[in-house]
Amino acid sequence: MTSTLAVLLAVALLGCSQPPAPEAVAPEASAAAAPAPAAAGADASASAEAALPLVVVHKDPYCGCCNAWIEHMRHAGFPVEARNEADMGPVKASAGVPPGKGSCHTAIVDGYLIEGHVPAADVKRLLAERPDARGLVLPGMPMGSPGMETPDGRTQPYTVELVANDGSTTPYARH
Ligand SMILES: [Cu+2]
């Protein structure tokens, strides 16, 4: 009973534009599990660009736009592991999402917090600059941000914020 309420509440809060899709378990997972054929030279084709770190995404199982953002990150070259959570509240609290700065999914990459529909380019910049900070947040779910595309192409301006270690935020990238 309580969990039904929680789910309804979560769905209402998330309000994703995409309908919930059945969880398509990443085909990459099985590929990754397969043993690699004994190297044809250590520096073979595989890595033209340096390998990007794993993005662990915590999300509600019914969140469609979370999956769309995951696809955006994969297209940008990030390996992504999605974890469905029954209750995102404690996840956001322990990840250090400041009050009022939450979105739908909460990701961790290389020790940094990435909250919401942050563009992959901003994540790459963060990883290159490596500031002494918690990470990035994109509060809410702005139309037109990655994973929040609309069928008619409408967008709204949005600002990705850098979260300092004390929880304060400053603008990081305007889109
Ligand atoms: Cu979303």
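In strand β3, Val 109 is the bridge partner of Val 55. The two strands involved, β1 and β3, pair in the antiparallel sense over four bridges; strands count as paired if DSSP finds at least two bridges between them. Strands here are DSSP runs of E with at least two residues, helices are runs of H or I with at least four, and both are numbered from the N terminus. This is a predicted model, in which local features need pLDDT of at least 70 and side-chain atom pairs count only at pLDDT 80 or more, while totals for chains, interfaces and linings use all residues. Residues are numbered from 1 along each chain as its sequence is written.

On β3 there is a second pairing to follow. Four bridges join β3 to β4, and these strands run antiparallel. Thr 106 has Glu 115 in β4 as its bridge partner. Two residues lie between the strands of this hairpin, and Asp 110 takes a positive phi near 50°.

These strands belong to an open sheet of seven strands with mixed pairing, in the order β2-β1-β3-β4-β5-β6-β7. The edges are held by β2 (80–84) and β7, each of which has a single partner strand, so one side of each is left without a neighbour in the sheet. From one strand to the next the twist averages 25°, where axes are lines fitted to C-alpha atoms, for helices over the stretch in contact, and angles run from 0 to 180 degrees between N-to-C directions.

Helix α4 (residues 88–95) packs on the sheet, where it touches β1 (55–59), β3 (106–109) and β4 (112–115). The direction of α4 makes about 40° with that of β3. Val 91 lies in this helix. Leaving aside residues up to four places away in sequence, Val 91 touches His 58, Glu 85 and Thr 106; a contact requires C-beta atoms, placed from the backbone, within 7 Å. Val 91 is partly exposed, with 18 other C-beta atoms within 10 Å. On this scale a residue is buried if 20 or more other C-beta atoms lie within 10 Å of its own, exposed if 12 or fewer, and partly exposed in between. Val 91 and His 105 are 14 residues apart in sequence, and their C-alpha atoms are 9.6 Å apart in space.

Thr 159 stands opposite Arg 174, and Val 163 stands opposite Thr 169. The two strands form a hairpin with five residues between them, and Gly 167 in the turn has a positive phi of about 95°.

The interior can be read from its nonpolar core, meaning a set of buried Ala, Val, Leu, Ile, Met, Phe, Trp, Tyr and Cys residues joined through C-beta atoms within 7 Å. Of the 30 residues in the largest such core, Ile 114 and Leu 136 touch the most other members. The elements giving two or more residues to this core are β1, α3 (64–75), β2, β3, β4, α5 (120–129), β5 (135–137) and β6. The largest share, five residues, comes from α3. Beyond four places in sequence, the contacts of Leu 136 include Ile 114, Val 123, Leu 126, Val 160, Leu 162 and Tyr 172.

Helix α3 has 12 residues and reaches 17 Å from its first C-alpha to its last. That is close to the 16 Å expected at 1.5 Å a residue, the expected span being 1.5 Å times one less than the number of residues. Its buried residues are Cys 65, Cys 66, Asn 67, Trp 69, Ile 70, His 72 and Met 73. The buried residues of α3 pack against β1, β2 and α5. Just after this helix, Gly 77 takes a positive phi of about 105°.

Buried residues make up 30% of the 175 residues. Of the contacts with a separation of 6 or more, 60% are between residues 24 or more positions apart.

The mean pLDDT, the predictor's confidence in each residue from 0 to 100, is 82 for the protein, and 72% of its residues reach 70 or more. Over residues 1–15 pLDDT stays under 50, and the model has eight contacts beyond four places in sequence for them. Over residues 17–48 the pLDDT is below 50 as well, and this stretch has 13 contacts in the model beyond near neighbours in sequence.

Notes. Two residues are in contact if their C-beta atoms, placed from the backbone, lie within 7 Å.
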